[in-house]
Amino acid sequence: MPPPPHAKSPARNATRFANRRRITQFFLLMLLGFNAVASELNVPYIGEPADRSLSPIEETLLGREVMRQLLASAYVLEDPQVTDYIVSLGERLLRQTNTQEQKFRFFVVKDSAINAFALPGGYI
């Protein structure tokens, strides 16, 4: 009996897992490697504003590129109800701040191990 049409093939699952693993490794390397090379680079210490390192345009482009890769690897959950819920939570939090100039884009990833993270350019 053939599998139902909505069933995912083992090869497709393996590809998705490999993509998720690569993205996770990329972020872990960025986080772990940051401390190792921070003293050699002209990287601001944690309390300094990040806009001294990246221009707003560079930050937007970097965030957009990482988001493009997440979308291309099918790592972003595209469930309208979940997305609407997360966006409404984010907007409620934003109303309690004085941040009006930055546009934020809230999204959910298909990974139960990640609690929350932010990308440059306002992707949360």
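Val66 sits in helix α2, which covers residues 56-72; helices here are DSSP runs of H or I with at least four residues, strands are runs of E with at least two, and both are numbered from the N terminus. The model is a predicted one, so local features need pLDDT of at least 70 and side-chain atom pairs count only at pLDDT 80 or more, while totals for chains, interfaces and linings use all residues. Numbering starts from 1 along each chain as its sequence is written, and side-chain values use heavy atoms, with hydrogens and water left out.

What does the secondary structure of the protein come to? It comes to three helices and zero strands, giving the pattern α-α-α along the sequence. The accessible surface is about 9900 Å², and 59% of that belongs to carbon and sulfur atoms; areas come from the Shrake-Rupley method with a 1.4 Å probe, and for residues only the protein chains shown count as cover. Of the 124 residues, 15% are buried, where buried means under 20% relative accessible area, exposed means over 50%, and partly exposed is in between (1.4 Å probe, protein chains only). As for contacts (heavy atoms within 4.5 Å), 56% of those with a separation of 6 or more involve residues 24 or more positions apart.

Back to Val66, which is buried at a relative accessible area of 10%. Gly90 and Arg105 are 15 residues apart along the chain, and their C-alpha atoms are separated by 8.7 Å.

The loop between α2 and α3 holds Ala74, a residue with a positive phi of about 60° although it is not a glycine. In general, most residues other than glycine have a negative phi. Ala74 counts as partly exposed, at 23% relative accessibility.

In the segment after α3 comes Val109, buried with a relative accessible area of 13%. Which residues does Val109 contact, leaving aside its neighbours within four places in sequence? They are Tyr75, Val76, Leu77, Ile114 and Phe117. With Val76, 33 residues away along the chain, the C-alpha separation is 4.3 Å.

A search of the whole structure turns up two aromatic pairs; rings of Phe, Tyr and Trp (its six-membered ring) pair if their centres lie within 6.5 Å, and planes under 30 degrees apart count as stacked, over 60 as edge-to-face and the rest as tilted. One of them joins Phe107 and Phe117, whose ring centres are 5.9 Å apart with planes at 80°, so this pair is edge-to-face. Both residues lie in the segment after α3 (80-94), 10 residues apart. Phe107 is buried at 12% relative accessibility, whereas Phe117 is partly exposed at 23%.

Phe107 also turns up at the second largest pocket, where Ile86, Phe107, Val108, Asn115 and Ala116 lie nearest the centre among 14 lining residues. A pocket is an open set of points on a 1 Å grid over the protein atoms alone, with protein on both sides within 12 Å along at least five of seven lines, and lining residues have an atom within 4 Å of a point. The volume is about 300 Å³, taken as the space filled by probe spheres set on the points.

Conventions: On a 1 Å grid over the protein atoms alone, a cavity is a set of points where a 1.4 Å probe fits but cannot get out, and a pocket is an open set with protein on both sides within 12 Å along at least five of seven lines; lining residues have an atom within 4 Å of a point.
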